[in-house]
Amino acid sequence: MKITTEILRKIPAFSTLDKENLEKIIAITIERNYRKGTIIFMEGDTGEAFYFIKTGSVKVYKTAPDGREHIFTILGEGDIFAEVTLFNDMKYPASAEALEDSCIGMIKNRALEELVIANSNIGLSIIKVLSKKLFNSQQKVKVLALGDTYMRTAQIIIQLSNEHGVYTNNGIQLRLTISRQELANMIGTARETVSRALGQFKKEGSIDISGKKIIIKDINKLKEWIQ
C-alpha cells in the first residue's frame, strides 16, 4: 500500500496539516522496505534524510568502542527519527536498525527544507513534534542520571507502554517484542540486573512476562518505583 494522506495523518508531525500540504509531503516521500535486522543508516554517515515509520519498529543506538550497545530509543508506527539532521549540515549521531520487517518513509532533508520555507504550517507542525521529543529525552536523561536500576527499568517500561502499548483484557501489552538485553541496553546496565528487576515487578503483580512479551498488569504499582 502506497503512502496516502490518511496514512500521513497518523504521523504526529503531519497530523494537523490539510490535504493540500499532505499531498506536498507525499510528493517528496520515498517509501522503503527494510527486513528485520537491516541497518537503515550508521552513526557517522552523512545526515541526508528525515524518516518516519509507516509500519514496523526501529531502534536508534550507539556502539561503544568496546562493542557494547546503548539503545537510545525504540520507535514504532507513526514515529519520526533522524530529525536532528534537519536544517543542520551534520552526520547521523547514532545508528538505526529495523527491529522487525518495516516500511519506512524517507524524505530528503533538502527537499523538506525547501518545502518548509515555502509552507510555514508544515514547519510549525514539525517543530511542535520535535519540541515534545526534546522534552521526553530530557526526562529520560534525568531518570537515567538519578534513578537506581529498578526505577530506571520501571520508567522505561512505562515509557514503552505509552508509546507502544495496547489495552487488552489482561492489561497493557507492549506491541514490541523486546529482549532483556535490549532493555538493558536502553537502561545502561547488565542483562542480569534487568532480569532481577523484571522478576521483582512480576512477583509483586505489576507486570506479566511471556517470552519477550511484557504485559503491564498494574501500572500504578509500577509508577510507585519512580515516585
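This is a predicted model: local features need pLDDT of at least 70, side-chain atom pairs count only at pLDDT 80 or more; totals for chains, interfaces and linings use all residues.
Colleague: Let's start with one side chain: does Lys54 count as buried or exposed, and at what relative accessibility?
Modeller: Lys54 is found in strand E3, residues 49-55. Buried means under 20% relative accessible area. Lys54 therefore counts as buried, with a relative accessibility of 10%.

Colleague: How many Å apart in space are Lys54 and Ile104, C-alpha to C-alpha?
Modeller: In sequence, Lys54 and Ile104 are 50 residues apart. In space, the C-alpha to C-alpha distance between Lys54 and Ile104 is 5.5 Å.

Colleague: Thanks! And Glu113, is that residue buried or exposed?
Modeller: Glu113 is found in helix H3, which covers residues 109-118. Leaving aside neighbours within four places in sequence, Glu113 is in contact with Leu86, Phe87 and Asn88. The relative accessibility of Glu113 is 13%. The cut-off for buried is under 20%, so Glu113 counts as buried.

Colleague: Now the largest nonpolar core: which residues there touch the most other members?
Modeller: This core has 26 residues. The ones that touch the most other members are Leu160, Leu183, Leu198, Phe201, Ile207 and Leu222.

Colleague: Which helix gives the most to this core?
Modeller: At least two residues of this core come from each of several elements, including strand E5 (69-75), helix H5 (149-164), helix H6 (180-187) and helix H7 (191-203). With 5 residues, the one that gives the most is H5.

Colleague: What is Leu160 in contact with, leaving aside its neighbours within four places in sequence?
Modeller: Leu160 is one of the residues in the largest nonpolar core that touch the most other members. Leaving aside neighbours within four places in sequence, the contacts of Leu160 are Gly165, Leu174, Leu176, Ile178, Leu183 and Met186.

Colleague: Let's turn to the second largest pocket: which residues of its lining lie nearest its centre?
Modeller: The second largest pocket has a volume of about 240 Å³, and 15 residues line it. At least three of the lining residues come from each of domain 1 (5-144) and domain 2 (147-225). Nearest the centre of the pocket lie Lys36, Leu99, Glu100, Thr177 and Glu182.

Colleague: Last one: how many charged residues does the lining of that pocket have?
Modeller: By class, the lining of the second largest pocket has 5 nonpolar and 3 polar residues. The number of charged residues in this lining is 7.

Conventions
Residues are numbered from 1 along each chain as its sequence is written. Side-chain values use heavy atoms; hydrogens and water are left out. A nonpolar core is a set of buried Ala, Val, Leu, Ile, Met, Phe, Trp, Tyr and Cys residues joined through side-chain atoms within 4.5 Å. Buried means under 20% relative accessible area, exposed over 50%, partly exposed in between (1.4 Å probe, protein chains only). Helices (H or I, at least four residues) and strands (E, at least two) are DSSP runs, numbered from the N terminus. Contact means heavy atoms within 4.5 Å. On a 1 Å grid over the protein atoms alone, a cavity is a set of points where a 1.4 Å probe fits but cannot get out, and a pocket is an open set with protein on both sides within 12 Å along at least five of seven lines; lining residues have an atom within 4 Å of a point. Grid points are joined across faces, edges and corners, and a volume is the space filled by probe spheres set on the points. Ala, Val, Leu, Ile, Met, Phe, Trp, Tyr, Cys and Pro count as nonpolar, Asp, Glu, Lys and Arg as charged, and the others, Gly among them, as polar. Domain bounds come from an automatic or database domain assignment.
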